[in-house]
Amino acid sequence: MRVKVNDNDLYYQRLGNGHPVILIHGHHQDGAIFDKLVAPLSLYYTVYVPDMRGHGLSSGEASEHYQTDVEDLAEFMRQLGLKDAYILGYGAGGVAALLLANQYPHLVSKLIVAGTYVNGNGVTAGHITWNSLRGFLIGDRDSRVALKETFIDPRKLKQIQIPTLCVVGEKDWVKVEHVRWYSQLLPNSRLVIMPRQKHESYVVHSLKLLDLIKDFYQEK
């Protein structure tokens, strides 16, 4: 399916019935990373999986600012009549999801962020080097955005009142202590550390988050 969002055609998958769940991919990815999750989640929810602009089957170029992704997500939800959605944001998708929850609280009622960092102290030196090489030597836009724009003011995090689950792999290049720190800033959140998991192993083409997602979204 496709929908016109801020002058771009966003491709998205839709499957199931029930409360809307939106799965948001990260940089250098598209919605296909969630292929294992869509069908089982659709037994309980209506699952929406957009490809962000410039990724996958969506048109345009990758955004130069996280705020562009936030506005695209808000407009995507308006076009489809979605509100009070449950959202899972992975990596950079988690940054966009946190900003969305801060700026448009009526659109999001529960949030999971996985493998997400909110400032440059949250990742290993090796990952910063990798993004620097891609961003400035080969001109990769996603890498430049990650380097230059990954920062959420702690005051904004403290304003997010919805139930939030902050997930990180034990062996992730996103630092566990960093996720522990910002999870404590969110007024209604808790931390989950995935044992023995690396950055992609528990999310990308994986069912490892399925029970966690179902249990969290079904909580009263």
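Residues are numbered from 1 along each chain as its sequence is written, and side-chain values use heavy atoms, with hydrogens and water left out. Because the model is predicted, local features need pLDDT of at least 70 and side-chain atom pairs count only at pLDDT 80 or more, while totals for chains, interfaces and linings use all residues.

Helices (H or I, at least four residues) and strands (E, at least two) are DSSP runs, numbered from the N terminus. Two strands pair if DSSP finds at least two bridges between them. Strand β2 (residues 8-16) has antiparallel pairings with β1 (residues 2-5), over four bridges, and with β4 (residues 46-50), over five bridges. Val 3 stands opposite Leu 10 in the β1 pairing. Leu 15 has Val 47 of β4 as its bridge partner. Two residues lie between the strands of the β1 and β2 hairpin. There, Asn 6 takes a positive phi near 50 degrees.

A nonpolar core is a set of buried Ala, Val, Leu, Ile, Met, Phe, Trp, Tyr and Cys residues joined through side-chain atoms within 4.5 Å. Buried means under 20% relative accessible area, exposed over 50%, and partly exposed in between (1.4 Å probe, protein chains only). The largest core has 47 residues. Ile 87, Leu 98, Leu 100, Leu 111, Leu 157 and Tyr 182 have the most contacts inside it. Helix α3 (residues 92-103) gives the largest share of this core, eight residues. Contact means heavy atoms within 4.5 Å. Not counting residues up to four places away in sequence, Leu 98 touches Leu 111, Val 113, Thr 116, Val 118, Ile 152, Leu 157, Ile 160 and Leu 186. A second, separate core has 27 residues, including Val 47 and Leu 209.

The largest pocket has a volume of about 260 Å³. A pocket is an open set of points on a 1 Å grid over the protein atoms alone, where a 1.4 Å probe fits, with protein on both sides within 12 Å along at least five of seven lines; lining residues have an atom within 4 Å of a point. Grid points are joined across faces, edges and corners, and the volume is the space filled by probe spheres set on the points. Of its 19 lining residues, His 27, His 28, His 127, Trp 173 and His 199 are the closest to the centre. Helix α4 (125-137) supplies the largest share of the lining, three residues.

Helix α8 (residues 210-218) has Leu 210, Ile 213, Lys 214, Phe 216 and Tyr 217 buried. These residues pack against elements including α1 (35-41) and β5 (85-90).
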